[in-house]
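Please work through the following exercises with the sequence and the model side by side, and try each one before reading its solution.

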Amino acid sequence: MPSFHITPDGKKLVTLIPGDGIGPECIESARRIIDASGAAVAWEVRQAGESVFKQGIQTGVPQDTIESIRKTRVVLKGPLGTPVGYGEKSANVTLRKLFETYANIRPVRELPNVTTPYSGKNIDLVVVRENVEDLYAGIEHMQTPGVAQCLKLISCKGCEKIVRLAFEFARSEGRKKVACATKSNIMKLTEGTLKRTFEAVAKEYPDLETSHIIIDNCAHQLVKNPTQFDVIVTTNMNGDIISDLTSALVGGLGFAPSANIGNEVAIFEAVHGSAPKYAGKNNINPTAVILSGVMMLRHLGEFEAANKITHALICTLEDGKFMTRDVVGDAKATTTTGYTDAIIANLGRTAKHFPVRDTKPIKLPELPSTPAFVTVATRRVIGADIFIESPLLPHELGPSLERFAEGTPLKLKMISNRGTQVYPPTGAMTDCVDSYRCRFILRDTAGDLQDADLLALVNKIATQHRWNHIEKMQEFNGEAGYTKAQGED
Ligand code: NAP
């Protein structure tokens, strides 16, 4: 278990960030319930989000908030907004990345009297989403004035961490199945790394039933037959999307908690945002933040308080007398504070029909924190993709580049436009844009491309064409570290 900051009166200190919009109301509800449960928790209130951006702090996260989190290692936070015109990056993403909370755990479970088209099916599943890599690494460039690109970065180390955490999480909750959802059929190297890592690590968890599913079918199956799933592990963007879908299966964002787990720090928050139109109206549903607080108590080892709050929450829903607007509509709704009071009044009661899960602390994967170097027996560079901005048509650009390659160790293999080969022509009816990938390979098929030869070619090309980036084509242990274009032989 990570080491927590203990106050002089024996409580575990937690950084509490009220957040923006409906955040302060949700956080106040959760805080009152946790305090009333008798959990040995103390709070250090800190700010992040809109008010901080407006003070001119570009990240939306002030230094004293960072210091507090460094000390407490545990955060309960409300949603944070990024006001238009302030800061470039979301304060949420900044917090997740600053503290390398690489796993985002998003459980959903059917709740009593929260009626959905799936009521009665007992949905109870968890999405474990990789939280720092993928397209959300936020590495974007304009290749040309008209073509944008975003780098999808997936590392072997990142995959191993999230996969191991998903298996350990499944064990900690006594779950039976883990499915890995990827788009590895299309993105064989990036999404494929998660699939391959999952299949390798699965051998160490023979007690769990494992499977792989393509992410689009996963979305389809989640709507058609959600109870077939137990734990789903997936990459960042896939997880972002399917976890919003899964929250809708059990009643919407008001009921979807989450935990951002890292080796050092854990941040607990609702899946929902700051819903500004409801801010200050005392009518939102604080359940997602309350359940995030329950996840936090389990992380802190406060199992008794966690179970007590879960039972009180379920009893309140079973009674059905005090329900929020999103569940019963405006006419019959109670206020956020009324709902909170009802839960507090129910502390000590036991839910009738809702088995509260027995959980153990998650055994966090222990991987070295030094940079990950994957060593290989052999490696060589067999060519390079040079990306060129050009107004020419493929049949004009191709011969021009062939002339530049004459007399060099490299030859033009093909040119693609947004991934489809356009030179030599294949008969594809591609609607070209002005960014071409021009693939040059060594004439000597057993050779190893030297930087000087590549740079000499780039310098020649640059006399007539505008290049914007270069990717080496590498082979590791004899396996291609690049993919072919559509239509490339
Ligand atoms: P949102 O705040 O999640 O709200 C979308 C809708 O979900 C609301 O209009 C409401 O639906 C429902 N909803 C959300 N929370 C609810 C609750 N506790 N109780 C009842 N209903 C709830 O999404 P958004 O409007 O797209 O985003 C608003 C801001 O939040 C943006 O600045 C965004 O960047 C930020 N955000 C922050 C986080 C985070 O801090 N982790 C996450 C997501 C978004 P109805 O309109 O149907 O009533």
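**Exercise 1.** Leaving aside its neighbours within four places in sequence, which residues is Thr193 in contact with?

*Solution.* This is a predicted model, in which local features need pLDDT of at least 70, side-chain atom pairs count only at pLDDT 80 or more, and totals for chains, interfaces and linings use all residues. Residues are numbered from 1 along each chain as its sequence is written, and side-chain values use heavy atoms, with hydrogens and water left out. Begin by finding Thr193 in helix H6, residues 190-202 (helices, H or I, have at least four residues and strands, E, at least two; both are DSSP runs numbered from the N terminus). Then look for contacts, meaning heavy atoms within 4.5 Å: beyond those neighbours, Thr193 touches Ile154, Ser155, Cys156, Cys159 and Lys188.

**Exercise 2.** Determine whether Thr193 and Ser435 are buried or exposed.

*Solution.* Buried means under 20% relative accessible area, exposed over 50%, and partly exposed in between, with a 1.4 Å probe and protein chains only. Thr193 has a relative accessible area of 12%, and is therefore buried; Ser435, in strand E16 (residues 435-442), is buried as well because its relative accessibility is 5%.
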